[in-house]
Amino acid sequence: MKKPMEHKWGMVIDLDRCTGCEACVAACHAENNIATVGDDQAARGRAMHWIRVERYYEGNFPDIKVKYRPVPCQQCSDAPCEPVCPTYASYHNPEGLNAQIYNRCIGTRYCANACPYLVRFFNFLNPVWDKPLDLQFNPDVSVRSVGIMEKCTFCIQRIKTAEINAQVEKRPLKDGEFNPACVESCPTNAMVFGDLNDPESNVSRLSRSARGTKLLEELGTHPKVTYLKRDTWHNGQNA
Amino acid sequence: MDKTPEQINEDLLRPLDHASWRFYVALVILGSLVLAAFFAWGYQIYNGIGVSGLDRPVFWGFYITNFVFWIGISHAGTLISAILRVSNATWRRPVTRCAEAITVFALSIGAMFPLVHLGRPWLFFWLIPYPSERGIWPQFRSPLLWDFFAINTYLIGSVTFLLLPSFPDFALIRDRAKGWRRKIYAVASLGWRGTPKQWHRLEMAMRIMAVAIIPVAVSVHTIVSWDFAMAPVPGWHSTIFGPYFVAGAIFSGIAALIVAMAILRKLLHLEEYLTPLHFDNLGKLLLVMSLLWFYFVFAERLTTWYGNFPSEMAVFWVTQSGRFSKLFWTMVFCNFIIPAPILAIKNLRTKIGWTVVAAMPIIVGMWLERFLIIVPALSHKYLPYNYGTYKPTWVEITITVGTFAGMGLLYLLFSKVFPIISIWELKLGGQKKPETAPALASQKVAGEQP
């Protein structure tokens, strides 16, 4: 028998609450020392945002509706990115996260091709930060060099800190005790993070919602991020 | 062939002794293109892979295209030569060494590309399973690792396959040469004296290798295709890819062989050795492969279209009528519409010029095919928000041009070191001995040598 995971970290994103403000994107950059690459590189499709807010437009101007969808790594339970890496840089950690071990990465970029969600980002050049962002690095997160793949970690540094603190104080982790930077920064509480192994946690409860869907669910990757789909409202009535 | 063994020696060893001014001009031109490619690679290693045109989502581009293309070309040789040997096709004799040399060089060039394309190429040796202080093995579930083993196996196999039948020829050169060349060929011929025992062992080894190399060659390109087919990418994830790639590889390989033979024939004055018969026979093979290629493309396209999965249809339409359609239809022209009629008409196929006209576009077309498998699929993967595109930079173009120059350069040097046609096998054919008694026939050949 496989030992059950101690924790199984998951996320719920409520698309009804997301306003597309991109606070999560900015928070993620600051927390995880993500390079800003600069205008020129970003224009060539090399911008790095571990979480992005996808925008889809419906209808024609001026009757236009915008739909937002924040997409971090879906932390798949059956991740296509993992078996294709020839050096184990991309691997499944004991708490079910799709971890990326920067030191092992030799830059084949196969994982990024295999990933259906395109949430893996490659350092095409040595990382740069617009001034004065180079003065506010997070000391808990390593900086990645050229030729290496990087991705959302669910802020593993915060997970580890919380786990160590709980261990020192000899108590179990509380639900909502800590959050990844994106969740913490969301002004509308569109994102909820927690332990899916705890059936009573907020995230477990919400992920069982009838509104819950998975991104590209048909691919069988079993993501640990659940999207709560937008309801349509007419005259204050949920249609 | 009504030439005496002495005349054959004279004709085929002449390129080894003399070099015209044209040789040096070609050497300088091809050499500088290769140097330019190495400079571009150095520039890329120093600055990072970002100097190429690769981006997100097109993480693989020209480099992997070249990789698949050159590995494909490499199927010219060993596979064709092995099949012709196993089936005892006697007309093969002047063709085999040209073909085997293409394999070794194309494979060496192709095998460089995974390194060129790595983000941190200086760590490539992490693919080798060796006990290390890191305490981890490579990931054996990764198709890239299968690739690493398949290509190395094929490279070792095809080098052996090229060298084995060269020993008697090296011995022949050794016996005619003087001074330092004699010493070099003495080492290269590994003490070949042409005794019956040696002939017997050579025959045995060749027979084993010819049979063994066929499954290796088939597996190599199948595994290369699995680099794509294993990933859940629309347009890649297809069971047809294994045989499709192998057929495409043999197809481009034969085309390259025909072009190479035509050039050698002109430059080295081998008109009497590489005859229209050889081009006719290879042309027939090329026709079969062209039809097979068309069948595969048709089957792949039709099933995708009929199945109508939204994510696959995005890739389908962008190649069929979208941004990549010009390249797609050029490919169809180059691989089928131009060569198939030429090769199907006997009056044209039996003329060397026309066979070459049919073969040249196939080399372009097959390069495009590899590109069209890789780039449109990556640029239109699932979520439309992330659709992207790809434009190569001078770095990739220089390196790509450099590989073609490199192929020419290696072949040029090869023709000055090896007799480009296997002399002893040719003489064996001239004796009209039954194929089933090689040992007897071989002894006679051995006896002639001074």
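Which residues of β1(A) are buried on one side, and which on the other? In this predicted model, A:Trp9, A:Met11 and A:Ile13 lie on one side of the strand and A:Gly10, A:Val12 and A:Asp14 on the other, and with all of them buried, both faces of β1(A) are covered. The points below set that strand in its sheet and in chain A, and then turn to a pair of helices in chain B.

**Chain A overall**

- Chain A contains six helices and twelve strands, and its C-alpha atoms fill a box of roughly 55 × 50 × 35 Å when this is taken along the principal axes.
- The radius of gyration of chain A is 18 Å, which agrees with the value near 18 Å that a compact globule of 239 residues would have.
- Of the 239 residues in chain A, 41% count as buried.
- When contacts in chain A between residues at least 6 apart in sequence are considered, 63% of them join residues at least 24 apart.

**Strand β1 and its sheet in chain A**

- Strand β1(A), which spans residues 9-14, is mostly covered, since six of its six residues are buried.
- In a regular strand, side chains alternate between the two faces of the sheet, and in β1(A) the buried residues on one side are A:Trp9, A:Met11 and A:Ile13, with A:Gly10, A:Val12 and A:Asp14 on the other.
- The strand belongs to an open sheet of four strands in chain A, with the order β8-β1-β10-β9 and mixed pairing; the edge strands are β8 and β9 (212-213), each of which pairs on one side only.
- With strand β8 (residues 191-195) of chain A, β1(A) runs antiparallel and is joined by five bridges, and A:Met11 has A:Phe193 as its bridge partner in β8(A).
- With strand β10 (residues 225-228) of chain A, β1(A) pairs in the parallel sense over four bridges, and here A:Val12 stands opposite A:Thr226.
- Strands β9(A) and β10(A) run antiparallel and are joined by two bridges, with A:Leu228 in β10(A) as the bridge partner of A:Gly212.

**A helix pair in chain B**

- Helix α4 (residues 77-86) and helix α10 (residues 241-267), both of chain B, pack at an angle of about 85° with their axes 9 Å apart, which makes α4(B) roughly perpendicular to α10(B).
- By class, the contact of α4(B) with α10(B) has five nonpolar residues, two polar residues and no charged residues.
- On the α4(B) side the residues that meet the partner helix are B:Gly77, B:Leu79 and B:Ile80, while α10(B) contributes B:Ile250, B:Gly253, B:Ile254 and B:Leu257.

Conventions:
Residues are numbered from 1 along each chain as its sequence is written. Chains are lettered from A and ligands numbered from 1 in the order in which they are written. This is a predicted model: local features need pLDDT of at least 70, side-chain atom pairs count only at pLDDT 80 or more; totals for chains, interfaces and linings use all residues. The radius of gyration is taken over C-alpha atoms; the globule rule is 2.2 Å times the number of residues to the power 0.38. A residue is buried if 20 or more other C-beta atoms lie within 10 Å of its own, exposed if 12 or fewer, and partly exposed in between; C-beta atoms are placed from the backbone. Two residues are in contact if their C-beta atoms, placed from the backbone, lie within 7 Å. Axes are lines fitted to C-alpha atoms, for helices over the stretch in contact, and angles run from 0 to 180 degrees between N-to-C directions. Angles under 35 degrees count as roughly parallel, over 145 as roughly antiparallel, 65 to 115 as roughly perpendicular and the rest as oblique. Ala, Val, Leu, Ile, Met, Phe, Trp, Tyr, Cys and Pro count as nonpolar, Asp, Glu, Lys and Arg as charged, and the others, Gly among them, as polar. Two strands pair if DSSP finds at least two bridges between them.
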